[in-house]
Amino acid sequence: MREGSRRRDMTVFPQRAAPNAKAAHILVVDDDQRIRTLLSRYLMNEGYFVSAAADTREASVRMRDIAFDLIVLDVMMPGESGTAFATRLRKSAEPLRSAPILMLTALTETADRVEGLEAGVDDYLAKPFDPRELSLRIASILRRTRPTEPAGPKRFGDFVFDPSRGELLHDGAPVRLTTRERDLLRALAESDGAIVSRQSLAHRDPARSASERSVDVEIARLRRKIETDPNAPRYLQTVRGHGYRLLVDPLRQPLK
C-alpha cells in the first residue's frame, strides 16, 4: 500500500459521527484498508466517533493528541505487531497505559489468544467476526472502563423516571414496572433523547439477551403504561429503520 493512500485514509473525522453518538472515541488500527474503512463506517453508524490508522506508527501519532476510549487493534501488521504495540502501551505512562484494547486477529490458536491477553488487551475477537458481536464486546469494554455519572430524573408529561432508582412516578404516584420494562426505560432515558437501536435494546443486558422482536413487544407494553394513546405515542417514539427514543422534558424544579 502506498504511503500517500495510507495517509489519506488515516482518520475518519469525528464530526461525521452519527447523530446519536455515544461520545466514545475509538481508534481502529489495521493495515488492511478495506477492513479499516468497513470497521470505521460501521462503528460510526453505531454512534461512535472514529479515527483510523494503518499501522502502530500512525496510531502512536494519533494517540499523542487524543486519549481514545478504546483501541480496536489488529495483530498481524507490517513492522510492529499489534501484540508488541499493546505490550509497549502497557509499559507507557498514563493515559496510554490503561487504554482499553480489543484485539482483532485471524490467529485462532489458544497460544495466540493467550499471548494477546498476556500483553494486556481487554478482549480478543477472531476474524472473521459478526459485526454485532464486535458491537457487544465494545459496549462491554466501555461499560467496564469508562467512568459514568448516574443519570438524573427524566420528566415526560405527567411522568418522572429516576434511572438510578428505577422508579417511575405518575403525578407523584408510583407506577409498577417489570424488571425488563425498568431496564428498557432506563436504557432509553439515559440516552437523553438520542435514538437507541433495537439491537442495542435487545442486548442491553448480556446475561439476558433477547430478540429484537421481543423488544417491540416490551415497547408496546411500556407504551400502555406511559402513553395516553399507545397507537400515537408522544414520548416513546419509533424511528423507522433505526430504533426507538424517549422524548423528555426539562425538569423545572427539584423532585421532593
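pLDDT is the predictor's confidence in each residue, from 0 to 100. The structure is a predicted model, in which local features need pLDDT of at least 70 and side-chain atom pairs count only at pLDDT 80 or more, while totals for chains, interfaces and linings use all residues. Residues are numbered from 1 along each chain as its sequence is written, and side-chain values use heavy atoms, with hydrogens and water left out.

**Exercise 1.** Find where pLDDT stays under 50, and state how many contacts beyond four places in sequence the model has there.

Solution. Start with the chain: its mean pLDDT is 81, and 81% of its residues reach 70 or more. The stretch under 50 is residues 1-21. A contact means heavy atoms within 4.5 Å; for residues 1-21 the model has 46 of them beyond four places in sequence. Where pLDDT is low, the predicted coordinates should not be read in detail.

**Exercise 2.** Classify the aromatic pairs found in a search of the whole structure.

Solution. Rings of Phe, Tyr and Trp (its six-membered ring) pair if their centres lie within 6.5 Å; planes under 30 degrees apart count as stacked, over 60 as edge-to-face and the rest as tilted. The search finds two pairs. Phe156 and Phe159 have ring centres 5.7 Å apart and planes at 15 degrees, so this pair is stacked. Phe156 and Tyr235 are 5.8 Å apart centre to centre with 55 degrees between the planes, a tilted pair. This second pair links distant parts of the chain, 79 residues apart: Phe156 is in strand β6 (residues 154-156) and Tyr235 in the loop between α9 (212-226) and β10 (236-239). Helices (H or I, at least four residues) and strands (E, at least two) are DSSP runs, numbered from the N terminus.

**Exercise 3.** Decide whether Phe156 and Tyr235 are buried or exposed.

Solution. Buried means under 20% relative accessible area, exposed over 50%, partly exposed in between (1.4 Å probe, protein chains only). Phe156 has 0% relative accessibility and counts as buried. Tyr235, at 11%, also counts as buried.

**Exercise 4.** Describe the salt bridge between Asp30 and Lys127.

Solution. A salt bridge is a side-chain nitrogen of Lys or Arg within 4 Å of a carboxyl oxygen of Asp or Glu. The N to O distance here is 3.1 Å. Asp30 is in the loop between β1 (25-29) and α2 (33-45), and Lys127 in the loop between β5 (123-126) and α6 (131-145), 97 residues apart. Both Asp30 and Lys127 are buried.
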